[in-house]
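This briefing is meant to be read with the model open in a viewer. Please load the structure before going on to the points below.

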Amino acid sequence: MSPELGHFALILALVVALVQGSLPLLGAARGRPGWMAVGEPAAVAQFACVLIAFLVLIQAYLVSDFTVLNVVENSHSTKPLLYKITGAWGNHEGSMVLWVLILALFGAAVALFGRNLPPSLRARVLSVQAWISLGFLSFTLLTSNPFERVFPPPADGQDLNPLLQDPGLAFHPPMLYTGYVGFSIVFAFAVAALLEGRVDAAWARWVRPWTLAAWVFLTGGIALGSWWAYYELGWGGWWFWDPVENVSFMPWLLGTALLHSAIVVEKRDALKAWTILLAILTFSLSLIGTFVVRSGLLTSVHSFAVDPTRGLYILLLLAIAIGGSLLLFAIRAPAMKGGGLFAPVSREGGLVLNNLLLGTATATVLIGTLYPLFLEALGGERVSVGPPFFNLTFVPLMMPLVLVMGAGLLLPWKRADLAGLLGRLKVAIALAVVGALAALWLYDGTPVLAVLWVGLAVWLAAGTLTEWAERVHLFRAPAADSWRRARQLPRSAYGATFAHLGLAIALAGMIGASTGKQEAVELLRPGETLSLAGYDYRLEGVERTRGPNWVANTATFAVSRDGRPVATLRPERRLYLVTNRDTTEAAIHTTGLVDLYAVIGEPSESESGAWIVRIYHEPLVPWMWAGALVMMLGGLLSLSDRRLRVGAPRRAARDGALAQPAE
Amino acid sequence: MRRLATRSFAALVLAALLLPALLLPALLLSGGACAVLPGERLDDPVLEARARDISAEIRCVVCQNESIDSSGAGIAQDMRVLIRERLSAGDSDAQVKDFLVARYGDYVLLRPPFASYTLLLWLGPVLVLLLGGLGAALYLRGGRGAGAGAGPLSAEERGRLARLSGAGDDAAPRE
Amino acid sequence: MTLRILLGALPLAIFLAAAGFFLWGLDPERDPSEIPSALIGNPAPDFELGPIPGSQTPGLSRADLAGEGPVLVNVFASWCVPCRAEHGVLTELADEGVRLVGIDYKDKPEDALAYLAELGNPYERIGADLSGRVGIEWGISGVPETFVLDREGRVVYRHVGPIMAPEVERRIRPALERAAR
């Protein structure tokens, strides 16, 4: 296939987006069903066009078409097949096509699954979505065309950055973008609601599954990125508070807040303006993230090639999308009336506190990330805001949040009785105290804060399970009765339970990894042994190995504990021949409770025959990934709940009951 | 009853605000660790631990957002060696950091100093929390707050809630 | 109601302010990784370096920097590719009569000698910083870096990266003029 076909498909998608962005919107304003109905086929057609462009790009990579500049710059004929495919989005231009593809996919999904939305709302949502497409399609075409040809074509390509030649590239960006970009639908729903001038429980109900879907993917994308950094960077770090990580984390924090505030709108008809604002801001932060990564505004480990025109173009898009929607909000929000009444100590009150803390946490990350830029612009000192800042500000904010979370699911709507609540939670409180004391006793010299965190993690898990136990009458009813109740609980209830439980598990992992990490760095000759945390690592030897486009020193470690063999670890230090760059490939053996992590370094300069060897003992790290998986499972369970299924409810059916809430 | 509820909520918010404040000084999350080479290490484990803690808070000036503790760059290694020299010579942690700041500016500190130009950085989050907390409190107290209406659910409300939450069964209307 | 209107407009106001900063940050002249030297306006750091072993050129210490009017202190190394690029420009400046001294950063003496033999030696003095320790005293983050000092030995300007012809006119000469005052 010729690359021009891909280029043409992108242009076609732009034209389709133009139609999709105008006709349905006009139709909704003037009440013309025919115009509104253009939205769905247009959304599907737009997706088809971008898909063709995407496939053409992949094809160019697969056949190593070195007449295409993008392929020349990021591929090589000897690169393994998987990385030829994933390399298509391992660069700025290609990743923009993926970005737009996912955007169009969500638009098409609304067209296909949103059949139960009122036609005017659906038309407006699709139009707003098309406007975002329009912005990013034109950006791709005008500033970042991946199909540009080069003449004369070089004999071979320049190969992909070796750090990216990893299965992580296959999953991390698509998943992260699906999360990031998925919030565009939520944004479109919010803008559409502002245009319609109507926000009610039904609206919240329609928005929630999309929020949930985006949230699940973003959770997965962030966890995958963290996991990738953990095994690829070779020193067992898993979160660096780098600007690029921060900008993916902020939409997650705010998206989590949105997920919770939408519940209040749905069930209690309150917090409406706030929820709309959260919906706008969550996607705005995604956009700002895209801007920061691609404009070279901040120094970061992984930013794309810097080009000021690109930055300027995205800033223009930001100004239109974010500025426009916030202006609309400023006009419409003051007239929005809140509904339900509730006491401060209640499910609603808890969710307000959740939003307050998550909002503050987001603001903290935002301030920390952008502060160096602000200060520089004002002509002040140049400062660096690194992990120690976030550990001092963000981490403490999570403490009260987890504290509230533990009791959150037990709080009744409207008003709760605090004394009674604590009574129901006495087992959880006792378990938390026991857990903290156990940590203190088991690990001599554990920092006070770590002890507190252990208590909090146990509290969260125990509090969450208490709610489930109450609902199924565990130990209070015959086992068969409890079993029947457990099966009859709605999936959305299990969703919340799993999501909260997942966070408790992930927290345990973070505590273990942060406080229990041990390392040993030594010069080792083959045959020598290094001991760390009860495990013996015997260096069997180092041999020269080669792969398709690299050569490596591969070490073999026999790991044993008290003389019993545990695992064989084979870390590598690779040299990629085309780019002449090194990577460390750590070898990790996990027992479920601890990761045994080995890295082979350079041969020693001073002592011949010896190698620099790094061994890390990383307790509970696998729990972080397991926790993220459980959280995602919770989201998926909730998503699969019949009541929440995309577009299921119909506003008209309940209009009588809901249109005018008690005011 | 209502006053009690408001007060307990206030206590909750207060706890939420104070808890982190009380714990601010000694924080966990020991940065990380690693590019330290075998030859660099000090024999005295206490000094070595101090060197590691300082290194984790010093930015590698040629890398992007990496501490010298985790960087493999040459100048990061030189700075790690320098820190160990100064500690061995009897410098305090603060003196070592001041030495580096005098040569590289505040930029080398991954934890910015608390100064007039970083006031908004350090107090910004607190400010957001306080203002947000004030807003939330006003919202809860104001018209829609725990007014007389916050009694038990009315039959109509309960019915609506049941339909919306579909507690257990599929009470929500489907087409 | 007024409060509601103000609150409703607050997010927009915050965004517009941030967008202003973003716009400023996109200035193509701005390099976010370029950090002003902490030494500007301060005396040069105290240091004493011996000559490159085997070289006729004398070593360098702080005492050599003050007294005789503006001086360029150039940190270089034979292994640094951009240093080769700026070598010709530096030689021209030295030929014009600008005082130029060098710090040979983390170099093997034999490599440094070969480098100077090949490209010529425009430096009045060269201190050999074998360990890189003095480089840290000067707060360098890489090579090449060049400092402009006034007659009292105070740092007036620091240039990161190679000095090419346009930089001489735009940055180095104005800095030398300031230093001469």
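The notes below go from whole-chain figures to sheets, single residues and backbone exceptions.

The model is predicted. Chain A contains 21 helices and 10 strands. Chain C is divided into domain 1 (1–30) and domain 2 (33–180). Contacts between chain C and chain B involve nine residues of chain C and 11 residues of chain B.

**Chain A as a whole**

- A compact globule of 663 residues would have a radius of gyration near 26 Å, and the 27 Å of chain A agrees with this.
- The C-alpha trace of chain A spans about 85 × 75 × 60 Å along its principal axes.
- Of the 663 residues in chain A, 60% are buried.
- Among contacts in chain A with a separation of 6 or more, 74% are between residues 24 or more positions apart.

**The open sheet of chain A**

- Strands of a sheet pair through backbone hydrogen bonds, in either a parallel or an antiparallel sense.
- An open sheet of four strands in chain A has the order E1-E10-E9-E8, with antiparallel pairing.
- Its edge strands are E1 (518–524) and E8 (587–590) of chain A, each of which pairs on one side only.
- From one strand to the next, the twist averages 15°.
- Seven bridges connect E1(A) with E10(A), and the two strands are antiparallel.
- Within this pairing, Val521(A) has Arg614(A) in E10(A) as its bridge partner.

**Val613(A), a residue of strand E10**

- Val613(A) belongs to strand E10 (residues 611–619) of chain A.
- Val613(A) is buried because 25 other C-beta atoms lie within 10 Å, and the cut-off for buried is 20 or more.
- Leaving out residues up to four places away in sequence, Val613(A) touches Glu522(A), Leu524(A), Leu530(A), Leu539(A), Ile600(A) and Gly601(A).
- Val613(A) lies 608 residues from Leu5(A) in sequence and 51 Å from Leu5(A) in space, C-alpha to C-alpha.

**Hairpins of chain A**

- Strand E2 (residues 529–532) and strand E3 (residues 535–546) of chain A run antiparallel and are joined by four bridges.
- Leu532(A) stands opposite Tyr535(A) in E3(A).
- The hairpin of E2(A) and E3(A) has two residues between the strands, and Ala533(A) takes a positive phi near 50° there.
- E3(A) is also joined to strand E4 (residues 550–561) of chain A by 10 bridges, in an antiparallel arrangement.
- Arg538(A) has Ala558(A) in E4(A) as its bridge partner.
- Three residues lie between E3(A) and E4(A), which form a hairpin.

**Chain C: sheet, helix and domains**

- Five strands of chain C make an open sheet in the order E5-E4-E3-E6-E7, with mixed pairing.
- E5 (126–129) and E7 (155–160) of chain C are the edge strands, each pairing on one side only.
- On average, neighbouring strands of this sheet are turned by 20° against each other, direction ignored.
- Strand E3 (residues 71–76) and strand E4 (residues 99–105) of chain C run parallel and share six bridges.
- Val75(C) stands opposite Ile103(C) in E4(C).
- Helix H5 (residues 165–180) of chain C lies across strand E6 (145–149) and E7 of chain C, at about 165° to E7(C).
- The C-alpha centres of domain 1 and domain 2 of chain C are 44 Å apart.

**Chain C against chain B**

- Chain C has nine residues in contact with 11 residues of chain B.
- The side of chain C that touches chain B has three nonpolar, four polar and two charged residues.

**Backbone exceptions**

- Most residues other than glycine have a negative phi, and most peptide bonds are trans.
- Ser64(A), not a glycine, has a positive phi of about 50°.
- Ser64(A) sits in the loop between helix H3 (39–62) and helix H4 (69–74) of chain A.
- Ser64(A) is partly exposed, with 17 other C-beta atoms within 10 Å.
- Leu620(A) also is not a glycine and has a positive phi of about 65°.
- Leu620(A) lies in the loop between E10 and helix H20 (621–639) of chain A.
- Leu620(A) counts as buried because it has 25 C-beta neighbours inside 10 Å.
- The peptide bond from Phe151(A) to Pro152(A) is cis, with omega near -5°.
- Pro152(A) is in the loop between helix H7 (119–143) and helix H8 (168–196) of chain A.
- Val143(C) and Pro144(C) are joined by a cis peptide bond with omega about -5°.
- Pro144(C) is in the loop between helix H4 (133–137) and E6 of chain C.

Definitions and conventions. Residues numbered from 1 in each chain as written. Chains lettered and ligands numbered in written order. Predicted model: local features only at pLDDT ≥ 70, side-chain atom pairs only at ≥ 80, totals over all residues. Buried ≥ 20, exposed ≤ 12 C-beta atoms within 10 Å, placed from the backbone. Contact = placed C-beta atoms within 7 Å. Pairing = 2+ DSSP bridges. Axes fitted to C-alpha atoms, helices over the stretch in contact; angles between N-to-C directions. Domains from an automatic or database assignment. Rg over C-alpha atoms; globule rule 2.2 N^0.38 Å. Nonpolar A, V, L, I, M, F, W, Y, C, P; charged D, E, K, R; others polar.
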